[in-house]
Amino acid sequence: MKKVKFKEKVMPRSADYFFGKPRLEMTGRECLVDGLQSIVEYSNDKITVSLGSQIITFFGDNLRINSFTREGAVVEGNIISMEFSS
(Lines give C-alpha, C1' and ligand atoms only; values in the text may rest on other atoms or scores of the structure.)
Protein backbone atom coordinates (compact mmCIF):
# COMPACT_ATOMS: atom_id res chain seq x y z
CA MET A 1 0.00 0.00 0.00
CA LYS A 2 1.35 3.41 -0.98
CA LYS A 3 1.60 6.06 1.75
CA VAL A 4 0.04 9.42 0.98
CA LYS A 5 1.30 12.56 2.68
CA PHE A 6 -1.03 15.49 3.29
CA LYS A 7 0.21 19.01 3.62
CA GLU A 8 -1.44 21.20 6.22
CA LYS A 9 -3.18 24.07 4.51
CA VAL A 10 -2.99 27.39 6.34
CA MET A 11 -5.58 30.00 5.42
CA PRO A 12 -3.95 33.29 4.49
CA ARG A 13 -4.85 36.27 6.66
CA SER A 14 -4.58 39.87 5.70
CA ALA A 15 -2.11 42.11 7.50
CA ASP A 16 -5.06 44.11 8.88
CA TYR A 17 -6.08 41.12 11.00
CA PHE A 18 -2.74 41.08 12.79
CA PHE A 19 -2.73 44.82 13.43
CA GLY A 20 -6.07 44.91 15.26
CA LYS A 21 -8.18 46.33 12.46
CA PRO A 22 -11.95 45.67 12.64
CA ARG A 23 -13.10 42.41 11.09
CA LEU A 24 -16.51 40.80 10.43
CA GLU A 25 -17.13 37.11 9.88
CA MET A 26 -20.61 35.82 8.97
CA THR A 27 -21.52 32.19 9.61
CA GLY A 28 -25.12 31.07 9.42
CA ARG A 29 -27.24 33.18 11.76
CA GLU A 30 -24.36 34.95 13.51
CA CYS A 31 -21.74 37.59 12.85
CA LEU A 32 -18.45 37.79 14.72
CA VAL A 33 -17.38 41.43 15.14
CA ASP A 34 -13.70 41.91 16.06
CA GLY A 35 -12.42 45.34 17.01
CA LEU A 36 -15.64 46.39 18.77
CA GLN A 37 -15.33 49.57 20.84
CA SER A 38 -18.88 50.11 22.08
CA ILE A 39 -22.56 49.25 21.67
CA VAL A 40 -24.48 52.31 20.48
CA GLU A 41 -28.01 50.88 20.23
CA TYR A 42 -29.51 47.55 21.24
CA SER A 43 -33.01 46.22 20.55
CA ASN A 44 -34.71 43.07 19.25
CA ASP A 45 -34.68 44.32 15.64
CA LYS A 46 -31.67 46.68 15.53
CA ILE A 47 -28.15 46.53 16.98
CA THR A 48 -25.65 49.32 16.32
CA VAL A 49 -21.99 48.92 17.27
CA SER A 50 -18.99 51.24 16.99
CA LEU A 51 -15.65 50.06 15.66
CA GLY A 52 -14.00 53.42 16.24
CA SER A 53 -13.93 55.05 12.83
CA GLN A 54 -16.85 52.97 11.54
CA ILE A 55 -20.41 52.28 12.73
CA ILE A 56 -22.23 49.04 11.81
CA THR A 57 -25.99 48.62 12.23
CA PHE A 58 -27.55 45.15 12.07
CA PHE A 59 -31.24 44.93 11.12
CA GLY A 60 -33.34 41.81 11.58
CA ASP A 61 -35.51 39.78 13.93
CA ASN A 62 -34.68 38.28 17.33
CA LEU A 63 -31.27 39.95 17.35
CA ARG A 64 -29.07 39.62 20.42
CA ILE A 65 -25.44 39.75 21.42
CA ASN A 66 -24.51 36.23 22.42
CA SER A 67 -21.04 36.95 23.77
CA PHE A 68 -19.21 40.16 24.48
CA THR A 69 -15.50 40.41 25.22
CA ARG A 70 -12.82 43.05 25.13
CA GLU A 71 -11.89 41.92 21.61
CA GLY A 72 -15.37 41.72 20.09
CA ALA A 73 -18.87 40.32 20.13
CA VAL A 74 -21.13 37.82 18.39
CA VAL A 75 -24.41 39.17 17.02
CA GLU A 76 -26.99 36.40 16.58
CA GLY A 77 -30.47 36.18 15.13
CA ASN A 78 -32.19 36.56 11.78
CA ILE A 79 -29.85 39.19 10.28
CA ILE A 80 -31.65 40.72 7.31
CA SER A 81 -29.22 43.51 6.46
CA MET A 82 -26.25 45.51 7.68
CA GLU A 83 -25.51 49.20 7.21
CA PHE A 84 -22.02 50.67 7.34
CA SER A 85 -21.35 54.34 8.12
CA SER A 86 -18.52 56.49 9.37
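**Fold, core and salt bridges**

Mentor: Read along the sequence, the protein chain has the pattern α-β-β-β-β-β-β. That comes to 1 helix and 6 strands. Please keep in mind that this is a predicted model.

Trainee: How much of the chain is buried?

Mentor: Of the 86 residues in the protein chain, 26% are buried. The accessible surface is about 6700 Å², and carbon and sulfur atoms account for 52% of that surface.

Trainee: And what share of the contacts join residues at least 24 apart?

Mentor: The share is 38%, counted among contacts between residues at least 6 apart in sequence.

Trainee: How many residues are in the largest nonpolar core?

Mentor: The largest nonpolar core has 13 residues. Those with the most contacts inside this core are V33, L36, I47, V49, F58, V75 and I79. Two or more residues each come from strand 2 (30-34), strand 4 (46-50), strand 5 and strand 6 (72-85).

Trainee: Which strand gives the most to this core?

Mentor: Strand 5 does, with 4 residues.

Trainee: You listed V75. What does V75 touch?

Mentor: Leaving out residues up to four places away in sequence, V75 touches R29, E30, C31, V33, I47, F58, R64 and I65. Among these, V33, I47 and F58 are also on the list of core residues with the most contacts.

Trainee: Let us change topic. How many salt bridges does a search of the whole structure find?

Mentor: The search finds 4 salt bridges. One of them joins the side chains of R23 and D34, at 2.8 Å from N to O. R23 belongs to strand 1 (residues 23-27) and D34 to strand 2, so this pair ties together parts that are 11 residues apart in sequence.

Trainee: Is D34 buried or exposed?

Mentor: D34 is buried because its relative accessibility is 17%, which is under the 20% limit. R23, at 21%, counts as partly exposed. R23 and D34 also belong to a network of salt bridges that includes E25.

Trainee: What is the partner of E76 in a salt bridge?

Mentor: The partner is R64, and the two side chains meet at 2.7 Å, N to O. E76 lies in strand 6 and R64 in strand 5, so the pair ties together parts that are 12 residues apart in sequence. E76 is buried, with a relative accessible area of 13%, whereas R64 is partly exposed at 41%.

Trainee: Where else is there a salt bridge?

Mentor: E41 forms one with K46, with 3.5 Å between the closest N and O atoms. Both residues are partly exposed: E41 has a relative accessible area of 33%, and K46 has 26%.

Trainee: Finally, the surface. Which residues make the nonpolar patch?

Mentor: I39, Y42 and F68 make a nonpolar surface patch of about 320 Å². Of these, Y42 is found in strand 3 (residues 38-42), and Y42 is partly exposed, with a relative accessible area of 46%.

Terms used
Residues are numbered from 1 along each chain as its sequence is written. This is a predicted model: local features need pLDDT of at least 70, side-chain atom pairs count only at pLDDT 80 or more; totals for chains, interfaces and linings use all residues. Side-chain values use heavy atoms; hydrogens and water are left out. Patches are made of residues with over 30% relative accessible area and no salt bridge: like charges are joined within 9 Å, nonpolar side chains (Val, Leu, Ile, Met, Phe, Trp, Tyr) within 5 Å. Accessible areas come from the Shrake-Rupley method with a 1.4 Å probe; for residues, only the protein chains shown count as cover. Buried means under 20% relative accessible area, exposed over 50%, partly exposed in between (1.4 Å probe, protein chains only). Contact means heavy atoms within 4.5 Å. A nonpolar core is a set of buried Ala, Val, Leu, Ile, Met, Phe, Trp, Tyr and Cys residues joined through side-chain atoms within 4.5 Å.
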